[in-house]
Amino acid sequence: MAEPPLQQQEYLDVLTKSGEKTGVSKPRGDVHRDGDYHRAVHVWIFAESTQELLLQKRAHCKDSWPGLWDISSAGHISAGDSSLITAQRELHEELGVVLPKDAFELIFIFLEECVINDGKFINNEYSDVYLVTTLDPIPLEAFTLQDTEVSEVKYLSYEEYRSRLAQEDAEYVPYDVNKQYGLLFDIIRRRYKENTEARSLALQKQLQRYASVSLTAELTGLTDADKEALVLLIKAAKIMDEIFYLQVWYSNPVLREWLKEHADVSQLDRLKWMYYLINKSPWSCLDENEAFLTTADSAIKLLPEATKPITGWKGLEYKAAFPMLKPPGANFYPPDMDKMEFKLWKGSLKADQQQDAISFFSVIKRHSQVNWDSCLYNNIFDGTNHSAGSSHDLYIIPYSQEYHSFLTRASELLHKAGDLVRSPSLKRLLHSKADAFLSNDYYDSDIAWMELDSELDVTIGPYETYEDALFGFKATFEAFIGVRDKKATAQLKLFGDNLQVLEQNLPMDDAYKSKDIIAAPIRVVQLIYNAGDVKGPQTIAFNLPNDERIVKDRGTAMVILKNVSEAKFEQILQPIADACITKEQHELVDFESFFTHTICHECCHGIGPHTIILPDGRKSTVRLELQDLHSALEEAKADIVGLWALKFLIKKHLLPNSLTKSMYVSFLAGCFRSVRFGLEEAHGKGQALQFNWLLEKEAFILHPDETFAVNFDKVEEAVESLSRTILTIQAKGDKEGASLLLEKYCTMTQPLKVALQKLECIQVPVDIAPTFPAAQMLLE
């Protein structure tokens, strides 16, 4: 067979042995001749009703495994191509099946290293293995086979296929089912051999970790106009929910609707829906984001034109897929984009475009995916690369465009509410935020939020970046609506007034200290309603904005949710103290210390390094340098520096001396509360770091009766040493130092396990699941 002309040869990206791109690409034949590592996709079609996998027989002209039964569809990922588009294209080219991206579930990555054809074909291949779950088998006559690749197709039960492979049947391409490829069969078996009763009990146990709490707030101080505006604001907050579901994963909204629609079918379906509502995704926040649902639980979608039409067959029905492992990039980046691809693309952009790429308020997409989707809906598959004019596949879309329909509705509601309210500062906030939703420029609205002085307290928009576990760049939408607690707010002026003093006395080198810290306004609020990124464990307080430009120019402001704090203290911290704190120190755990440290934690987000000068003289930010490690380290900093700051203010006689012991013991009890959120979550990760450091320094003591105590002789020095370590890592933008610190101390050590097992036995709730009767009443 003659070698095709050079321009028609397929080029593959050459990888390192560990699977990273080298930046070199070579012709496919050379790659297999030289044994270069490269990438491919495997796509399995699985029929749920019959428990069968679709197999194809490889064409006899193939250069590897000719005439043998193999994967439903597979192919190399050509140089510069993406995994998901390749999977979609291979399925279309080989079998004539056209499916959207939400049909494909990435289940694992398979490394095959083998030599065949008398040593002439060396296959060192990383394959992304996708599962497409259809409701019923696709009729064989519905397939359009590519004769140069596929000679026939058949369905075979997955157990029978596994058996053929285990017996090394000569008619089948060999895969070792006792090694990694056995995952395919294990996943299917676990998914469909489940015990309904056992699964219901497991979900009940997961739900019991949340104490249902009804949060109320006094609305008598609001005028009728304010209450009318409040209804509009709650409706706008519900739109933040809609956006957040989409930000988590692209098939998440359809999963939500499906679970809601089927919640009354059975007890198990009800439990799925209840636990989904808490997590707002199929991944459990308190279980290191382990999936508690599978694609088998997901929505059924009908595609009448996915294959050629067959008389009497309504078309292909498939399950809207989601991966078992929570995607680190959520729905902010293409699911098959890695850090290296992003880095290479970003490096090719102009300076202003680079800023847009890492902006809080943009998503990254692929030209090729958009072009494929366009072809999909127009039924045009011409094989053309529609992004040929672009040297890179990635591009930027601002939130105002990506979520335009949602934000237009929310903007209208905020403008209407702004027209109704009496407070000038709230009026300014609502109108500026409504404008920001459509302009994508949040600077003025964030300043307006910081200057808010109103009975009605509103936080709405894109803020936190925890969901972006890839880089920590992208902000999720959220809303907190409450009424100001004037008395508690007035009592807290002390912290804002002393922010600069705290900055100047921070335990770090003076060269890193800022000379112009601005006092952070503190607002204590009784929460009426929240929405958006408020999944799993509920926040007690927040310190915003995260925009370093504003932090540098104006500082930050903070909101403390007092009724949430009270609920957590009563439902969780008090029982934890009863179980885990030694009898002699038990009485030192009190709400005042817990609440005061919460305030100080939020204040301390506003001090310490933010905008920094790197050793080579470049100006940068801590967030940019530490990337995915920033959130966990920043939470740990705010916590531990918060403890240091309380002690400093006590020494200055600005806080009562009675707090000295109680703040440390309340903090110790709080460690167990936060670590139960899981070590994948920023707060839990940060808390594990602090607990293990203080235990190592003997500031915390584990007694033989498995209770804990604070060593008051050593705790102050240990708090200061950890504060210094974290602040210095941040000031230097030292990502390696941050990684080493988290790697060493962010572990589930035996003392932590002792405490958590005890709390598990007595079933202390891990967090609260709030309901909002006042908001519900207003909407009715």
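The sulfur of Cys746 lies 13 Å from the closest cysteine sulfur, that of Cys671, and is therefore too far away for a bond. Cys746 is buried, with a relative accessible area of 14%; buried denotes under 20% relative accessible area, exposed over 50%, and partly exposed the range in between, for a 1.4 Å probe and protein chains only. For Cys61, the closest cysteine sulfur belongs to Cys114 at 19 Å, which is likewise too far for a bond. Cys61 counts as exposed, at 53% relative accessibility. The structure holds zero disulfides, a disulfide being a pair of cysteine sulfur atoms within 2.5 Å.

The model is predicted: local features require a pLDDT of at least 70 and side-chain atom pairs count only at pLDDT 80 or more, whereas totals for chains, interfaces and linings use all residues. Residues are numbered from 1 along each chain as its sequence is written, and side-chain values use heavy atoms, with hydrogens and water left out. The average pLDDT (the predictor's confidence in each residue, from 0 to 100) is 92 for the chain, and 97% of the residues score at least 70. Over residues 1–7, pLDDT stays under 50, and the model has three contacts beyond four places in sequence for this segment. Residues 382–390 also stay under 50, with six contacts beyond four places in sequence. Contact means heavy atoms within 4.5 Å. Where pLDDT is low, the predicted coordinates should not be read in detail.

The chain contains 29 helices and 26 strands, defined as DSSP runs numbered from the N terminus (helices: H or I, at least four residues; strands: E, at least two). The radius of gyration of the chain is 28 Å, close to the 28 Å that the globule rule gives for 780 residues, so the chain is as compact as a globular protein of that length. This radius is taken over C-alpha atoms, and the rule is 2.2 Å times the number of residues to the power 0.38. Along the principal axes, the C-alpha atoms fill a box of roughly 90 × 60 × 60 Å. Buried residues account for 59% of the 780 residues. Of the contacts between residues at least 6 apart in sequence, 73% join residues at least 24 apart.

The largest nonpolar core comprises 171 residues, of which Phe342, Tyr403, Phe495 and Phe672 touch the most other members. Helix 23 (residues 630–651) gives the most to this core, with 12 residues. Such a core is a set of buried Ala, Val, Leu, Ile, Met, Phe, Trp, Tyr and Cys residues joined through side-chain atoms within 4.5 Å. Not counting residues up to four places away in sequence, Tyr403 touches Ile243, Leu246, Gln247, Phe332, Val363 and Phe477.

Several loop residues were examined for backbone geometry. A cis peptide bond, with omega of about 0°, joins Leu544 and Pro545; Pro545 is placed in the loop between strand 20 (541–544) and helix 19 (548–554). Asn289, although not a glycine, has a positive phi of about 60° and is found in the loop between strand 11 (283–284) and strand 12 (290–291). Glu706, also not a glycine, has a positive phi of about 65° and is located in the loop between strand 24 (700–702) and strand 25 (708–710). At 38% relative accessibility, Glu706 counts as partly exposed.
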